[in-house]
Amino acid sequence: MDEILTYAAAEPTGAVTFAPASGLLGSVWLLVAIPLVSAAILLLLGRRADRWGHWLGVGAIGAAFVLGLTYFLQLRGLENKQVQLSLWQFITVGDLKVDFGLLFDPLAAVFVLLITGVGFLIHLYAVEYMAHDEGRRRFFGYFNLFVAAMLLLVLGNNYVMLYFGWEGVGLASYLLISFWYGRPSAATAGKKAFLMNRVGDAGLAIGIFVLFAQLGTTQYDEVFSGVGALSQTTVLVLGLLLLLGATGKSGQFPLQAWLPDAMEGPTPVSALIHAATMVTAGVYLIARSNPIFSANATLQLVVVSVGAVTLLMGCLIGAAKDDIKRVLAWSTVSQIGYMFLGVGLGGGAYALAIVHLLAHGFFKANMFLGAGSVMHGMNDQVDIRRFGNLAKYMKVTWLTFMMCWLAIIGIPPLSGYFSKEPIIATAFERGDWTSWLFGGAALLGAGLTAFYMTRLFVLTFHGPARWTEDIEHPHESPKLMTIPLILLAIGSVGAGFLLSTSVPDWLTATAGLGGEHPEHEPVLAHWLITALSLLVTVLGAGLAWMLFRNGTATEPQPAGVLVTAARRNLYTDAFNEAVFEKPGIFLTRALVFLDNRGVDGLVNGLAAAVGGGSGRLRRLQTGFVRSYATSILTGALLVVAAFLAVQAGWLA
Amino acid sequence: MTELKLPSIDYAALAPILIMLGAALVGVLVEAFVPRRLRNPVQLLLALVAVLAALTMVILNADDRLITAGHAIAVDGPTLFLQGAILILAAMALLLIGERAVERGGAFVAHAAVTAESVDDRRQAAGAGGTTEVYPLTTFAIGGMLIFVAANDLLTMFISLEVFSLPLYLLCALARRRRLLSQEAALKYFMLGAYASAFFLFGVALVYGFTSGIPNRAAGVDFATVHAAVAESSSSQVLLFAGMALLAIGLLFKAAAAPFHVWTPDVYQGAPTPVTGFMAACTKVAAFGALLRVFHVAFSGAAWDFTPVLGAVAVLTMLIGAVLAVTQTDIKRLLAYSSIANAGYLLVGVLAPSKDGLSGTMFYLVAYGFSVIAAFAVVTLVRDADGEATHLSRWAGLGRRSPFFAAIFTFILLAFAGIPLTSGFTSKFAIFAPALDANQAWLVIAGVLTSMVLAFPYLRVVVMMWLSEPGDATPTVAVPGALTSAALVIGVLATLVLGVAPAPLLDLANGAAEFVR
């Protein structure tokens, strides 16, 4: 362990300073304001906006993208590429100082482009996808609200602003999951997403309070400049709290269970929120807080481990699922695992993780939209055992999906190869036995990814048709849906090389991200790692091709221990239920019992009692004053006893 | 025989209190001499004018830092801030109480003793106004609260406690609909309130006994003497701690902290909704004003000793409020448990013994008061033929039927849930940050965790309003009269403004955050 601890003990962080925003960049707040205003218009105008509302939604995101691009170009010419704009002092009393301000720097810039760019395409797609839904206008309202919150999250210049966006995207996600479908499963999924996210949010909130208590500020520049003065224990606690927040939002172990269930929402939601943008907020948080994470080696080890565990877990479960959106969801969990692995490795790997995040944003969004297109043509069927031979009927969907399939499994020269392979290689460079551990995990993950993605692809588009009886002739989706597919596919094909060569340099201007990567000799030669990762990819894909090219049974088959476990999400749900849910329910029951459940239970029948006359109600309620008084007396005795105990020195 | 020496009295400093009590007395005369049909507007106007006049005096007195009326009343920053808060919130509550357009005759019964379906009852249903005694009663209660937050000795505090409690007991009993429920709630509140007052009085006696041990100083219950006694009294410490505990119990009862919260759900549910709003906002301010003064001024020397006990009470309160709110199916009970949980958060602020802690707590009280009155204002509007439809299942689909009010209520619930850019977030921030500075991390952690739990029942209501299809049982939202609209607008705007730009009020609170002793 000593070796691990000495390994990444990062160099002390230098002072961080941001330049004030001037000129065009002074209007960077427009990025948040435009989608927000559009959302307000859509939600407030009501039915009057039904006919044109969706185009307003699309236009707002398009405008934000164009603006984002201008700011981006503006930023390139600047000396200090970290520009902040303080809108107003949000809270200023005594020691409390929170700025309502924005920070536009290279990291924020790439996120802005991803969110608005991919967001624009998904909005465009949704115009057609939701065409027959009477709530389309409201959908676009929430969707714009989400984009505004997400932009606030990445543009804030302090942790409180980040928390605003964080809560905002959580809220929008919860609303979009459970508002949309009245199905009980959607409601449960919404609840699960909500509770798990709250656990993470609580971690983040407490983390921010710790920052405040220890450093007296939440501004990024002041925090990063001051983090070197904190004790190692404080940094560790702080980092773990932030990590808890990150795992909650990004669906990482141990808070991963909500993300696949969140696929109950409409497909564009899955594509935008639960694949391309919101779920990467955790990666953003860690990358943004890199001076904190780099300051403690144990912390980095924890992040790497979370990433490694999650990426394997996601692959294993993804390989056993039959619901097309769930497979993609577990794949998302697994790919974000790669990003966590990257940000945990620290140094130059931060940039690699961001590159993978951008590439993933493209191909995963495209795959979700492709899945939506398939469902669109197949009467909303989601079971991949009921697809097959669709390549013939949905040419565009098939071709674009194929590009992304090749991209995600990492076939050169598509984007996944340029973004994932360096992470695997860096995992082998830790300089001790953990290189083998994490490198091996990343390599194994690559093979498994190839296996389950190929399975998904082959079962959906090739092999014999196994459709349900009600489908005679699947149809390709309309233009408005296929054009975004094509554009995203082009991004997946071409962007990889571009991203991997330009983004790391670009990101060095962001505080901490340009840190020197502590050089260690990789335990394997770089060419060997590349060869190995290509080999396992081809092996995994070939195996899946062999197994599934002739289709598969349409009913669940008996399976071995591992597959059964994977089908049941590796028993994590059962674990959560036994360890958290049951005691929670028990606690509630106990409290309710202590709090005179009798009264509440009876008063709950109020609606009935109103009809039946309040006399009955009175009878039910009489006599409880004495139990209230007893409760007060007991409490009083306890309080007095506690005071006396304090006085006697027992509790001091 | 020694000459009787009268204490000097600064009438200007006492003016807000005197105005309210005077207006209450005039109100009683109005009942006697003004014709019935004019009484309602006259009374409402009188009460509102009195509140505004008192508020003006508070503002004029803004720089006063003095103790007057023979050490009985302290007029200092927190007093003036909290008096201002009580008066503003009370004005909003008066608007709700005065509303006659939503329900013909208003929310109050014509005669407290009138039986349901009797002639009097029908007459009211046919349009005759409800009792107008509610105005003097409310005005008395406001006057009592103003004394309560200014009281500088324990006896004045006790008397003012009764002055504002007794009218509240009566007000609770005056609901026109579900009258028996309302009267029963009032009786419960009265009996338990009397019970809690007894604890308080016992506490006063014990503390008095404790102060007799100070060398070279007469015994007394004014806070300066108690403070001196904590430092140097030679009496048994048991007197101090038992006395402090009993005092705390009396005040925690009013503040609705666990385990002294048991009355809250029943009373909040049974009382006429405008009165519930009044209690939830103003009583909370008054109770916490007194708690702040007692623990920051009188017992500050024993902070080391009371913090763990009150901290445990705070955690229990937050936990019970949050967890039980999850199981509620009645909107008024839900808001009652939410009010209990908020009492827990406020206690966290009380236990942060710094200027920031004090100002944060005062800010929280104001922010919460605005939101909670607005929430109850919406509750008065959602009704069917039998009056307010408070069962949560009835609220399903409200968003489709009345999107505007559902949106307003959603906003208020988001504020309660502490979502950023509402006052709920800034006020929690203003309380938790000083508590962390005071090394009360455990309270902050408990606070953050329970507020995460508490967000769930709120958002469940939001989802219910918007997700479900409206059914036959979905009530309509009455068109609010001008008075309710005004209260609603003030509450919602304040919730928004305090969430987006809280700095001015925080500055004000911070400037006021210093007690005189």
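Me: Among contacts in chain B between residues at least 6 apart in sequence, what share joins residues at least 24 apart?
Reply: This is a predicted model, in which local features need pLDDT of at least 70, side-chain atom pairs count only at pLDDT 80 or more, and totals for chains, interfaces and linings use all residues. Residues are numbered from 1 along each chain as its sequence is written, while chains are lettered from A and ligands numbered from 1 in the order in which they are written. Two residues are in contact if their C-beta atoms, placed from the backbone, lie within 7 Å. Of the contacts in chain B between residues at least 6 apart in sequence, the share that joins residues at least 24 apart is 79%.

Me: What is the radius of gyration of chain B?
Reply: Chain B has 20 helices and 5 strands, where helices (H or I, at least four residues) and strands (E, at least two) are DSSP runs numbered from the N terminus. For its 517 residues the globule rule gives 24 Å, and the radius of gyration is close to that, so chain B is as compact as a globular protein of that length. The radius is taken over C-alpha atoms, and the rule is 2.2 Å times the number of residues to the power 0.38. For chain B, the radius of gyration is 22 Å.

Me: Which element supplies the largest share of the side of chain A that touches chain B?
Reply: In this pairing of chains, 55 residues of chain A are in contact with 66 residues of chain B. Several elements of chain A each supply at least two residues of the side that touches chain B, among them β2 (83-93), α6 (159-180) and α7 (184-215). The largest share, 15 residues, comes from α27(A).

Me: Which are the edge strands of the open sheet in chain B?
Reply: In chain B, an open sheet of 3 strands has the order β4-β3-β5, with antiparallel pairing, and two strands pair if DSSP finds at least two bridges between them. Strand β3(B) (residues 382-384) is joined to β5(B) by 2 bridges, and B:Val382 stands opposite B:Val477 in β5(B). The edge strands, each pairing on one side only, are β4 (387-388) and β5 (476-477) of chain B.

Me: How many of the 20 residues of α5(A) are buried?
Reply: Helix α5(A) (residues 136-155) should span 28 Å at 1.5 Å a residue, and its end C-alpha atoms are 28 Å apart, which agrees; the expected span is 1.5 Å times one less than the number of residues. A residue is buried if 20 or more other C-beta atoms, placed from the backbone, lie within 10 Å of its own, exposed if 12 or fewer, and partly exposed in between. α5(A) is mostly covered, and the number of its 20 residues that are buried is 19.

Me: Does B:Ala256 count as buried or exposed?
Reply: B:Ala256 is placed in the loop between α9 and α10 of chain B, and its phi is near 65°, a positive value in a residue other than glycine. In that loop, too, B:Pro259 is found, and the peptide bond from B:Ala258 to B:Pro259 is cis, with omega near -5°. Because B:Ala256 has 29 C-beta neighbours inside 10 Å, it counts as buried.

Me: How many C-beta neighbours does B:Ala69 have inside 10 Å?
Reply: B:Ala69 is in the loop between β1 (66-68) and β2 (73-75) of chain B, and its phi of about 55° is positive although it is not a glycine. B:Ala69 counts as partly exposed, because its number of C-beta neighbours inside 10 Å is 19.
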